[in-house]
Amino acid sequence: MDQLQRKLRDYEAAMFQQGFLDDQFSQLQKLQDDSSPDFVIEVMTMFFDDSEKLLNNISRALEQIPVNFKQIDAYVHQQKGSSASVGAARVKNICATFRSFCEAQNRDG
Amino acid sequence: MESNGVVSIGVDSHEVHVLAVDDSLVDRKVIERLLKISACKVTAVDSGIRALQFLGLDEQRKSSESDDFVPGLKVDLVITDYCMPGMTGYELLKKIKESSTFKEIPVVIMSSENILPRIDRCLEEGAEDFIVKPVKLSDVKRLKGYMTTRDVRAGSQENRELNVNGNGGGQGGGVGINNKRKLEEASDISSSPPSNSSASSPSSISSSQSPSSSPMSSPGMLDSPIRRIKMTGTE
């Protein structure tokens, strides 16, 4: 059991180190306590569900002709917002790049 | 802890009630937790329209009805996202400030985008503060300060509304929200000592050099949105 916990801690540390997670994730961890013991899991689950819906919306929008970049940009903005709120730094940064492609109306990007 | 002698409706008289407005489920959950852990009661809604409904300000009610309408719990602060479909946070802010019943409620705007003209516009419209997302615990701590200050000010005026924070008792009375709008008034607020700091140095409050350790000092509140901008830099 201890081994598992240690592995989890190492994994988490790696996520921070490699820039997948940022300080906001630590903030979320601070919000977890005995009165709300599953807070982080609950938020992350919501985040994943939310992200899945958004990604589906984005894929569908990319298949339309002509591509509605404004709509996609709106979805990506939402994605960026929620990933910032949970500390998903890499996702957030990718969203920023994505949005510049939207602005340039660059579908291939 | 002195009470104003006002009765509260079955609510713990020291807990503030915040109305949080955000269309993002994730953000709602986070802000709700941030507020609860800071000893606030929270009502979270997903749109400006629902927020107005909760306050009793929605179009369906005639103004005469809304005077008698009392929401389930008195709202001490509204915190709202800026970018929302339908009604933006800015529009919600305007509606609240236009209402005679609710214009005294402090409204804080949150946004993931650090756009100075947007911030200025919100502050000009009467927003208490502007927080750049993601929201952290330190942001919420700062917010609690607004509610205390405001209640003391409201307590010294007409007392018809229930004051949730009756324990104001002489903390920074008369500061009000005007210091948010007029930066030049900062040096005039030297008469009201900061509420939480034990060593109040009334006459030495200068607008530019407020120490961040006493978030309750008025210039500190002024600086906070600006400071936040400087800290986050360019996104």
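Trainee: How many residues of chain A are in contact with chain B?
Mentor: 23 residues of chain A are in contact with 16 residues of chain B, where contact means heavy atoms within 4.5 Å. Keep in mind that this is a predicted model, where local features need pLDDT of at least 70, side-chain atom pairs count only at pLDDT 80 or more, and totals for chains, interfaces and linings use all residues. Residues are numbered from 1 along each chain as its sequence is written, chains are lettered from A and ligands numbered from 1 in the order written, and side-chain values use heavy atoms, leaving out hydrogens and water.

Trainee: Okay, and what area is buried between chain A and chain B?
Mentor: About 1,700 Å², with carbon and sulfur atoms giving 62% of that. Buried area is the accessible area (1.4 Å probe) that two parts lose on being put together, summed over both.

Trainee: How many salt bridges does the rule find across the interface?
Mentor: Three. The rule wants a side-chain nitrogen of Lys or Arg within 4 Å of a carboxyl oxygen of Asp or Glu.

Trainee: Which residue does D33(A) form a salt bridge with?
Mentor: R33(B), and the closest N and O atoms are 3.0 Å apart.

Trainee: New topic: which peptide bond at P66(A) is cis?
Mentor: The one from I65(A) to P66(A), with omega near 0°. In chain B, the bond from K133(B) to P134(B) is cis too, with omega near 5°.

Trainee: And what is phi of A39(B)?
Mentor: Near 60°, a positive value in a residue other than glycine. Most residues other than glycine have a negative phi.
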